[in-house]
Amino acid sequence: MKSSLSGRALHGVFSRINTKRQWHELPFPISLLNLLSLRLDLRDKNLFDTTDKYKDGPEQDPPPEYRHARHPEGRWNDLRDPEMGSTGSAFTRNIDPRRIKPEKPPRLHDPSARKVSLELMTRDEFKPATNLNILAAAWIQFENHNWFFHGRGEPDQVMEVPLDDGDDWHETPMHVRRTIPVPANHARSSPDGDGAVDYGNTETHWWDASQLYGTSLEDQRALRTMQDGKLKIAENGRLLPDPEQDGVDLTGFNENWWFGLSCLHTLFTKEHNAICDVLKKENPRWDDQRLFDTAWLVNSALMAKIHTVEWTPGIVNNPALWSAMNANWSGVLGQNVKDLIGRLGDSEIFSGIMGSPAEHHEARFQLTEEFVSVYRMHPLIPDDWKLYELESGKLREEREFVELATRNTRGFMDGFEIPDLFYSMGIEHPGAITLHNYPRVLQRHERIDGEIMDLATLDILRDRERGVPRYNDFREEMRMPRVRSFEELTPNREWAEQIRRVYGNDIDKVDLQVGMYAEPLPPGFGFSDTAFRVFILMASRRLKSDRFFTTDFRPEVYTQTGIDWVNRNKMKDVILRHYPELTPSLEGMPNAFLPWHRLPEGANGNGHRAGDSVRKRVEGVKKAVEAINA
Amino acid sequence: MSVSEATPQEADAASNGTAPSGGSGLPQASLPEGVKVVAAGLLPAVARGLFKPRRGMMKRLTAIDADRRTVETLSEIKRRHPGQGVRLLGGRMVVLWGADAIREVLDNSATTYASDAGAKKKGMEHFQPDALTISRGEEWRDRREFTEAVLATPERLHPFGQRFVEVVADEVERMRVSGTIEWSHWERLFDHVTLRVIFGDRARDDQELTGLLEKLMAEANRIAGLGESDDLHELHGRMEWHLRDPEPGSLVARFADAPQTDSTRVVHQIPHWIFAMRDTLGLNAFRALAAIVADPEVEKRVREEIEAADIASAGGIDGMPYLEGCLQEAMRLWPSTPLIARETTRATTLAGEQIDEGTQVMILNTFNHRDTGAVPDADRFVPERWHAGGRDHRFNHLSNGTQDCPGGPMVLLLGKAVLAQTLARWELTLCEPELEGGREMPHMLDFFSIRFDARRHP
């Protein structure tokens with residue numbers, strides 16, 4: 001795409017400033033203009049197709065049922081390039097594929113990813129992210145499962161990670177499954193024969209709630225009641241069990257299961273069915289398929305909105321950005337700023353993007369390996385969990401993560417009401433995304449299939465294996481200045497020395513994850529500025545490329561009720577629609593991912609009265625909800 | 001500033017409360033006296049550049065013979081208050097000249113008497129924020145241990161001494177001289193030697209590294225209004241680059257076996273070695289060379305010692321006591337560290353008297369080294385003075401006590417090697433400045449202006 005005159009002017013000014021100072025070090029509103037310039041630069045220079053180029057031919061006619069509905073496998077979103085973003089299609093790159101160098105031994109193990117895990121990642125003490133609640137951690141995993149998965153690999157195709165003598169890992173060397181190119185015919189023969197391959201996404205690339213709805217017609221048939229458009233859910237309001245895996249729920253994507261995911265899947269399954277109810281009432285003659293398709297569109301758009309206007313502002317809570325939200329900048333600075341702000345999260349302007357023409361900026365919309373890399377946020381997960389009873393506000397149990405995850409999930413949840421679990425996540429903090437805060441439990445994580453893995457080792461190894469550059473090279477690719485020394489990387493002196501030791505004084509060897517977890521964060525940020533660069537590029541693409549968020553975000557496709565549903569609801573509304581008893585804890589909260597109100601504890605004497613007042617308020621809310629529904 | 005640093009002593013002499021012999025504690029000086037000390041003693045030290053000597057200012061201070069004024073002013077005040085020193089400015093500052101009191105302070109340095117205060121700390125933070133010399137307490141012990149291990153402080157001869165001596169011989173041989181040797185030649189010589197000794201032969205031409213440090217140190221002279229400099233990251237990056245694959249025989253190759261923790265901050269310890277070796281030793285050796293050449297008697301004895309020794313070997317260089325005396329004497333006469341400043345970390349007693357926490361304790365080398373009332377032949381160049389060995393706590397160009405210079409033995413080895421190799425190759429005549437051997441030495445010797453006629457020995 002040719003950049004506009006103003007875009008080039010911005011680039012000219014800010015590329016010079018940014019060699020010394022980053023956007024967040026500049027005063028508002030200069031910082032905002034700087035961000036805009038960065039986004040324009042990234043879009044011009046950091047979008048690359050891999051094997052398959054964008055097919056820019058004439059529009060084709062989809063099967064009629066997919067003109068106004070999402071395809072289970074993500075086909076026919078773009079009518080010129082129907083395969084774009086579909087299940088199994090390759091991840092693209094934010095870096096010129098000619099410069100991608102998947103690492104091989106000895107470089108692959110220099111230093112050993114396990115050493116990085118143990119010496120730099122291991123949680124010494126739990127460092128909370130005090131401006132967020134655990135629901136924010138569950139949410140991002142929920143969304144990652146919507147966006148991407150590289151598959152499980154093959155047991156006989158492994159990498160061997162060298163271990164230090166003192167390592168207590170149960171096998172030497174550690175075996176980690178390779179990422180398998182999916183499908184295999186995507187192998188790329190580059191001119192210099194670096195053996196780079198395209199990896200496929202087992203999920204659709206679209207923001208289509210495939211974690212809930214699955215990625216094939218077969219998945220959907222198993223999940224649907226095939227009546228009134230609804231998804232299956234038990235009488236007691238719980239998801240059904242997965243017949244093939246003990247302790248895990250039946251839903252679109254149930255890898256890496258734990259109660260937080262289960263709660264969100266339950267909530268949005270119920271939301272889907274609630275949307276079906278309303279659509280059915282308004283369109284009594286609609287058949288099951290049409291109700292299902294429309295509710296799917298509405299539900300997935302609502303999730304995209306919640307992510308954009310709630311989760312994101314929660315985790316990148318920068319005053320310079322958010323003060324811009326209230327000002328009428330879009331009028332002064334035009335569509336570019338409007339897009340930028342919208343992507344960052346004001347609901348009104350979000351609606352502005354929604355319904356504008358689709359645009360891919362001349363590279364196929366597919367998620368990128370780099371996007372996957374910056375969403376590695378395992379430090380969000382606590383090791384030790386406190387579980388409360390909503391009604392009394394009392395701490396009920398303290399548990400370790402293993403007791404409430406994988407095959408233990410359903411059994412654990414049977415002992416609680418779902419609102420208790422939401423409340424427990426709502427009031428407690430997730431871990432901060434920094435060094436020395438990796439959940440110990442995930443460094444020796446037993447998968448449901450019995451495989452034991454160190455996810456911290458995996459997080460490091462995956463980037464190396466897939467040719468995502470190490471930190472300094474990555475920054476250069478994102479046109480950020482390289483850091484020159486360990487001192488410059490992190491203001492934490494002890495970390496600087498530890499990183500120096502692990503990487504043998506070579507700043508250029510520092511892994512992307514380590515650099516992102518070590519670097520100083522912009523004010524209000526829950527993750528790194530380096531990660532943010534990929535985010536500001538890709539987050540807007542996820543909306544701007546999707547026909548159902550742009551050209552076809554219109555009443556004829558969604559119904560007016562559906563459009564209104566997306567525009568008028570936020571996470572809090574969804575939670576309270578299905579669990580109104582949470583009202584006291586969420587009352588007045590501007591954002592459901594910020595820590596909720598703690599209810600007074602019963603144990604302190606006036607708990608009984610508090611419990612009564614909560615009950616009264618809950619009853620009031622229930623009556624109000626009934627009145628609205630009637 | 002001081003290039004000095006050492007092992008802390010268990011006993012805190014000050015708190016033991018024994019009043020030192022000789023003199024009557026620390027009398028109070030009058031306000032005019034206090035102003036004089038500040039004007040004549042402290043300001044010139046700051047003006048010449050606390051961290052990086054300023055060429056123009058050195059010339060001007062030399063022209064007015066500023067250090068002579070310092071000595072005269074202090075001598076006058078000492079005559080009136082013949083104790084261990086005086087208190088100034090209502091007790092906020094103490095200036096010491098008694099050997100016992102100086103020893104008391106230096107033996108408890110980095111603990112009771114911290115060196116990480118005031119202008120020194122402010123300035124040094126600009127180019128070496130976690131350096132040993134501005135550390136105290138546990139961090140100081142940690143960094144001192146590391147530094148002593150790398151520099152082999154307890155050993156008279158560094159384990160890599162032979163290589164260092166060979167590096168010096170090679171660099172003196174490669175010095176490009178056409179008829180004269182002046183400061184620019186000398187500075188370049190020491191630049192190459194320093195880079196090779198610390199980082200290895202591959203680093204010989206990394207003048208960007210030493211240039212960055214020079215730039216930062218020149219900025220640090222300002223003391224006030226120093227912001228965090230981007231060049232510091234650049235400097236650290238360049239140093240780290242040399243650490244990636246340490247060259248055998250270099251000081252950085254000793255890092256792997258030196259005791260260290262996360263608070264050692266190994267890279268922060270290197271800049272001090274660079275400027276102590278490159279700048280401080282460089283200018284002191286240049287002055288020593290001038291003093292030697294200026295006095296035919298001294299030069300004759302030095303040349304005899306050179307001829308008798310195997311100057312290609314570290315052992316040979318080590319065994320040159322007269323040359324060593326020359327180097328020490330140059331450092332005594334023209335101390336490149338004009339003053340040592342300490343700040344009390346708690347209320348304590350000094351010279352038997354109570355002093356408050358936060359008292360500034362000044363040891364003015366400029367005066368103490370030239371105190372004609374206490375040092376015999378204070379103004380004369382007397383290398384024999386150093387033959388007896390032992391320490392005189394009034395002479396602090398390498399400091400004394402806990403924070404004495406951990407590079408002391410290396411300084412003497414490298415300095416002697418440069419002088420011996422230079423004199424062995426060249427016949428020198430001192431052209432500038434005027435310096436008469438056997439007479440009283442001037443109080444200032446501007447090393448920037450030193451120039452020799454040089455003829456290669458056949």
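Predicted model: local features only at pLDDT ≥ 70, side-chain atom pairs only at ≥ 80, totals over all residues.
User: How many helices and strands does chain A have?

Analyst: Chain A consists of 630 residues, of which 50% count as buried. Among contacts in chain A with a separation of 6 or more, 73% come from residues 24 or more positions apart. The elements of this chain number 27 helices and six strands.

User: What is the mean pLDDT of chain A, and which stretches have a pLDDT below 50?

Analyst: The mean pLDDT of chain A is 87, and 86% of its residues reach 70 or more. One stretch below 50 has 21 contacts in the model beyond near neighbours in sequence, and this stretch covers residues 323-339 of chain A. Another stretch below 50 has 26 such contacts, and it covers residues 341-349 of chain A.

User: Is A:D96 buried or exposed?

Analyst: A:D96 lies in the loop between helix 2 (30-45) and helix 3 (113-121) of chain A. Because A:D96 has 11 C-beta neighbours inside 10 Å, it counts as exposed.

User: What distance separates the C-alpha atoms of A:D96 and A:E477?

Analyst: A:D96 belongs to the loop between helix 2 and helix 3 of chain A. Along the chain, A:D96 and A:E477 are 381 residues apart. In the model, their C-alpha atoms are separated by 8.8 Å.

User: Which element gives the most residues to the side of chain A that touches chain B?

Analyst: In the model, 14 residues of chain A are in contact with eleven residues of chain B. Two elements of chain A give two or more residues to this side, namely helix 19 (486-489) and helix 20 (493-502). With four residues, the element that gives the most is helix 20 of chain A.

User: How many residues on the side of chain A that touches chain B are charged?

Analyst: This side of chain A has 14 residues in contact with chain B. Two of its residues are nonpolar and four are polar, while the number of charged residues is eight.

User: Which strands stand at the edges of the open sheet in chain B?

Analyst: Five strands of chain B form an open sheet with mixed pairing, in the order 1-2-8-5-3.

User: Which residue stands opposite B:V95 in strand 8 of chain B?

Analyst: Strand 2 (residues 93-96) and strand 8 (residues 360-364) of chain B run parallel and are joined by four bridges. In strand 8, the residue opposite B:V95 is B:M362.

Notes. Residues numbered from 1 in each chain as written. Chains lettered and ligands numbered in written order. Pairing = 2+ DSSP bridges. pLDDT = per-residue confidence, 0-100. Contact = placed C-beta atoms within 7 Å. Buried ≥ 20, exposed ≤ 12 C-beta atoms within 10 Å, placed from the backbone. Nonpolar A, V, L, I, M, F, W, Y, C, P; charged D, E, K, R; others polar.
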